[in-house]
Amino acid sequence: MHNLARWKIRSVKPYVPGKPIEELTRELGIKGEIIKLASNENPLGPSPKAMEMVSRYIKELNLYPDDSAYSLTKKIAEMNGLSTDEVILGNGSVEIMQMIDLAFVNPGESIVTSEKSFSLYKIIGDIVGARVIETPMKDGKIDLNLILEDIKEDTKVVFIDNPTNPMGTLCPKDEVEDFMKRVPEDVIVVWDEAYYEYARGEHFKETIDYVKQGRNVIVLRTFSKVYGLAGLRLGYAFAKKEIIDALGRTRLPFNVNTMAQIAAYYALEDTEHVRKSVEMNSKGLEYLYEEFSKMNLKFYKSWGNFILVDLGINSDKPYNFLLKKGIIVRPVKNYSLPTCLRITVGTPSQNQKLVEGLKEFLEHGYS
Ligand SMILES: Cc1ncc(COP(=O)(O)O)c(C=O)c1O
């Protein structure tokens, strides 16, 4: 049968997710604990409060969700000093990325992003038939000056993940400010802040300020990372009313399910869970920096809940070695990083097992 897919679709390279625990159990028949450090999930799990409320509402699953997600949208808006028409929710922030391209990018027009940024910017751009311009990084960091140079007449949207995945590096505040002074007004700048809660602080530019100033900016956030709700799929965006209105026109009804709405509402109230998660993550990062340094491994200082480590050899071997030990990490060949692994920061005991596994590999695993 000849290929019936739209010609643009034929060349789309599908997203490569982290290996699910169940798949590893099936493939290798591993008994005992499997540690997944492959998808930047919160190893502490969801907020206990959120879990309790989800179980309370489970009997309402016969009903459609509230399409407007009224209570959650209001809560997010209030917590961030915005009005409800400046907030939109998505089935994961990836759905909002798709809404952005559908709402603003005509086929053939361009999108600019960084070559090693989150892979879905390119994938979704390809799906909608955009021309995706990928700007090289500099020393493992997004080069905002090069992004400015790559913006063309037909550029509609720029996607910047800050911190960036998989490198984990940050565009510092002064660079973001300089970029925002120089970027053309009619280009929509998307600041994807999936790791916001880990990165916020003196070096981080609060890009929500640009939304409040009426700039053409979209800020993406998610409940998949620090809030530990990746399985429920819920992301959100801030932007001015006109932008949110355009995004809303591309949104399918009931895109955010009832359990996600409830869990997120209560997760937002559980500030202690967020605090604990962020604290555990920074201690975990310090531990991994120290251990990787002792092993003479190259790594980037991370502003997220993961770390990119360079083993200097084809990553297949260490990846498979760790899999056999029940540790799932993420190879990043699809980002042209063939010798690197991206590792999510786990609990202290998970981090320790990971380090032991890597040490063992470096001592005996090459053969
Ligand atoms: C930079 C970045 N943006 C967005 C996402 C996806 O978020 P969500 O689960 O909300 O779709 C990820 C997931 O790893 C990410 O690294």
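## Ligand site and backbone features

An oxygen atom of the ligand is 2.7 Å from an N or O atom in the side chain of Tyr 195; a polar contact is a pair of N or O atoms within 3.5 Å, and within protein one atom must be able to donate a hydrogen and the other to accept it, while residues adjacent in sequence count only if both atoms are side-chain atoms. This is a predicted model, in which local features need pLDDT of at least 70 and side-chain atom pairs count only at pLDDT 80 or more, whereas totals for chains, interfaces and linings use all residues. Residues are numbered from 1 along each chain as its sequence is written, and side-chain values use heavy atoms, with hydrogens and water left out.

**The ligand and its surroundings**

- The ligand has 14 residues around it, of which Asn 165, Asp 192, Tyr 195, Thr 222 and Ser 224 come nearest; a residue is near a molecule if one of its heavy atoms lies within 4 Å of it.
- By class, this shell holds 5 nonpolar, 5 polar and 4 charged residues (Ala, Val, Leu, Ile, Met, Phe, Trp, Tyr, Cys and Pro count as nonpolar, Asp, Glu, Lys and Arg as charged, and the others, Gly among them, as polar).
- Helix H5, residues 93-104, gives the most to the shell, with 3 residues; helices (H or I, at least four residues) and strands (E, at least two) are DSSP runs numbered from the N terminus.
- A backbone N or O atom of Ser 93 lies 2.7 Å from an oxygen atom of the ligand.
- A polar side-chain atom of Arg 233 lies 2.8 Å from an oxygen atom of the ligand.
- On its own the ligand has 400 Å² of accessible area, and the protein covers 94% of that area (Shrake-Rupley method with a 1.4 Å probe; for residues, only the protein chains shown count as cover).

**Cis peptide bonds**

- Most peptide bonds are trans.
- The bond from Asn 162 to Pro 163 is cis, with omega near -5°.
- The bond from Asn 165 to Pro 166 is also cis, with omega near 15°.
- Pro 163 is found in the loop between strand E5 (155-161) and helix H8 (173-182), and Pro 166 is found in the loop between E5 and H8 too.

**Positive phi angles**

- Most residues other than glycine have a negative phi.
- Arg 233 has a positive phi of about 60° although it is not a glycine, and it lies in the loop between strand E7 (217-222) and strand E8 (235-238).
- Asp 139, also a residue other than glycine, has a positive phi near 50° and lies in the loop between strand E4 (131-135) and helix H7 (144-150).

**Exposure and other contacts**

- Asp 139 is exposed, with a relative accessible area of 68%; buried means under 20%, exposed over 50%, and partly exposed in between, with a 1.4 Å probe and protein chains only.
- Arg 233 counts as partly exposed, at 29% relative accessibility.
- Thr 169, in the loop between E5 and H8, is buried, with a relative accessible area of 8%.
- The side chain of Thr 169 reaches the backbone oxygen of Gly 140 at 2.7 Å.
- Ile 9 lies in helix H1, residues 7-10, and is partly exposed at 31% relative accessibility.
- Ile 9 and Ile 123 are 114 residues apart in sequence and 9.8 Å apart in space, C-alpha to C-alpha.
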